Amino acid sequence: QMMYVNGLSACVSMITLIFSGDLAPALAFSAKHPAFLGDAALLSVSAVASQIFIYSQVKEFGALVFAATMNVRQVVSIIVSYIRYHNAITALQVVGLFIVFAALFYKSIMAMVESPTKQEKAPIMAPKPEAAAESEGLDAAAKKV
């Protein structure tokens, strides 16, 4: 599914470049700046790796763990941005960040606490184990006849 979405996106981008008349200038830019192709390839590989990570994390651990991971990523990204670019952070910004991320973490924790039990996830019309054994006995008896 991921391959089809990305392939369709590439087709839409190519069609847009063709019909807008920007395909030739884009190719000329790529030819003039060969480092661009390497950067674009690195960006594409990073995007694919990210998509694989997201799909595998959701499959293995569920959407809730993924949402918590994204919250942590956002906090770390903001802190690294402030440190890397030497931006001054005001007290109100710290309060705002704390409120927003505290609410996100609270929501994630409450969802984990209130997650349904195995019994709640069971199908309503699931056969009881005794009924399944009886039906197997009836099926075997019917085959003998």
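**Notebook: pocket, patch and helices**

I began with the largest pocket of this predicted model, whose volume comes to about 480 Å³. Of the 16 residues in its lining, I noted S9, A10, S13, A40 and S44 as the closest to the centre. Helices α1 (2–20), α2 (23–32) and α3 (34–61) are the elements that each give two or more residues to this lining. For the record, a pocket is an open set of points on a 1 Å grid over the protein atoms alone, where a 1.4 Å probe fits, with protein on both sides within 12 Å along at least five of seven lines, and lining residues have an atom within 4 Å of a point. The volume is the space filled by probe spheres set on the points, which are joined across faces, edges and corners.

I then sorted the lining by class and found 10 nonpolar, 6 polar and no charged residues, with Ala, Val, Leu, Ile, Met, Phe, Trp, Tyr, Cys and Pro taken as nonpolar, Asp, Glu, Lys and Arg as charged, and the others, Gly among them, as polar.

Conventions I kept to: residues are numbered from 1 along each chain as its sequence is written, and side-chain values use heavy atoms, with hydrogens and water left out. Local features need pLDDT of at least 70 and side-chain atom pairs count only at pLDDT 80 or more, while totals for chains, interfaces and linings use all residues.

For the overall fold, I counted 7 helices and 0 strands, in the order α-α-α-α-α-α-α along the sequence; these are DSSP runs numbered from the N terminus, helices being H or I of at least four residues and strands E of at least two. Of the 145 residues, 4% count as buried, where buried means under 20% relative accessible area, exposed over 50%, and partly exposed in between (1.4 Å probe, protein chains only).

On the surface, I looked up a nonpolar patch made of M14, I15, I18 and F19, which together have about 450 Å² of accessible area. F19 lies in helix α1 and is exposed, at 72% relative accessible area.

Next I checked two contacts between positions separated in sequence. Q57, in helix α3, is buried at 9% relative accessibility, and its C-alpha is 9.6 Å from that of T69, 12 residues apart in sequence. V65, in helix α4 (residues 63–84), is partly exposed at 30%, and its C-alpha is 9.0 Å from that of M112, 47 residues apart along the chain.

Last, I looked at H86, in the loop between α4 and α5 (91–113), which is exposed at 71% relative accessibility. The phi of H86 is near 55°, a positive value in a residue other than glycine, whereas most residues other than glycine have a negative phi.

Terms used: Patches are made of residues with over 30% relative accessible area and no salt bridge: like charges are joined within 9 Å, nonpolar side chains (Val, Leu, Ile, Met, Phe, Trp, Tyr) within 5 Å. Accessible areas come from the Shrake-Rupley method with a 1.4 Å probe; for residues, only the protein chains shown count as cover. A salt bridge is a side-chain nitrogen of Lys or Arg within 4 Å of a carboxyl oxygen of Asp or Glu.
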